[in-house]
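Me: I would like to go through the labels on this model one by one. Please set each value against its definition.

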Amino acid sequence: AKGRADIGFKCHILVVVMNTTAFWFTAQRGVFVLAQAWVVLFVFYFFLNKWILGRVIGLEWKEFLSVLISPAIRSILMGCITYSGYLILINYGISKIISLVSIVILGIIVYGLFVLLFERRYFLDLLNLTFKRNQAAI
């Protein structure tokens, strides 16, 4: 936003070094420990990015969180819906691969519906930019 590509570059280097180090040591202890390390690192990166944005462009917590609240609520809702689908499927004794494919398809459908309900204008603009050619640009 302020022409400070060096900050983003340094952050990405930090992320690579920290993730590689943490994942190297936690992967030996299993996938759950690795997942916990990823969550801890992600929380750290969240606060680091907020601190950097606060210093560089003066972004306040209220503004920062107001942008994140709607996608967070939708993500939680999508997680609840797909998890409910999982709970329903395991009661029917369906094979694991069919359950997995079904849950992925359910997630895609829910995501698509959320895009159409909450991000319709953005989605239509994206489609127009992607599939319609501007004759003036040719």
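This is a predicted model: local features need pLDDT of at least 70, side-chain atom pairs count only at pLDDT 80 or more; totals for chains, interfaces and linings use all residues.

Reply: Residues are numbered from 1 along each chain as its sequence is written, and side-chain values use heavy atoms, with hydrogens and water left out.

Me: Why does Ser-99 count as buried?

Reply: Buried means under 20% relative accessible area, exposed over 50%, and partly exposed in between (1.4 Å probe, protein chains only). Ser-99 has 8% relative accessibility, so it counts as buried. Ser-99 lies in helix H4, residues 96–118. Helices here are DSSP runs (H or I, at least four residues), numbered from the N terminus.

Me: Which residues is Ser-99 in contact with, leaving aside neighbours within four places in sequence?

Reply: Leu-89 and Ile-94. Contact means heavy atoms within 4.5 Å.

Me: What makes Asn-91 exposed?

Reply: Its relative accessibility is 65%, so Asn-91 counts as exposed. Asn-91 sits in the loop between helix H3 (61–90) and H4. A polar atom of its side chain lies 3.1 Å from the backbone oxygen of Leu-87.

Me: Why is Phe-44 called partly exposed?

Reply: Its relative accessible area is 38%, so Phe-44 falls in the partly exposed class. Phe-44 belongs to helix H2. Not counting residues up to four places away in sequence, Phe-44 touches Leu-14 and Met-18.

Me: How do you know that the length of H1 agrees with its residue count?

Reply: The expected span of a helix is 1.5 Å times one less than its number of residues. H1 (residues 5–26) has 22 residues, so it should span 32 Å; its end C-alpha atoms are 31 Å apart, which agrees.

Me: What puts the buried residues of H1 on the same side?

Reply: The buried residues in H1 are Ile-7, Cys-11, Asn-19, Ala-22 and Thr-26. They cover an arc of only 90° around the axis, so they lie on the same side of H1. The arc is that of the directions from the helix axis to the C-beta atoms. An α-helix has 3.6 residues a turn, so residues three or four places apart point the same way. On the other side of H1, the exposed residues include Phe-9, His-12 and Trp-24. Helix H2 (31–57) is among what covers the buried residues of H1.

Me: Why does Asn-19 count as buried?

Reply: Asn-19 has 17% relative accessibility, so it counts as buried. Beyond four places in sequence, Asn-19 is in contact with Trp-24, Leu-41 and Tyr-45. Leu-41 and Tyr-45 are among the buried residues of H2.

Me: What covers the buried residues of H2?

Reply: The cover includes H1 and H3.

Me: What makes Lys-50 a charge over the ring of Trp-61?

Reply: The rule asks for NZ of Lys or CZ of Arg within 6 Å of the ring centre and within 35 degrees of the ring normal. The charged end of Lys-50 sits over the ring of Trp-61, 5.3 Å from its centre. Trp-61 also forms one aromatic cluster with Phe-46, Phe-47 and Phe-64. Rings of Phe, Tyr and Trp (its six-membered ring) pair if their centres lie within 6.5 Å.

Terms used. Helices (H or I, at least four residues) and strands (E, at least two) are DSSP runs, numbered from the N terminus. A polar contact is a pair of N or O atoms within 3.5 Å; within protein, one must be able to donate a hydrogen and the other to accept it, and residues adjacent in sequence count only if both atoms are side-chain atoms. Rings of Phe, Tyr and Trp (its six-membered ring) pair if their centres lie within 6.5 Å; planes under 30 degrees apart count as stacked, over 60 as edge-to-face and the rest as tilted.
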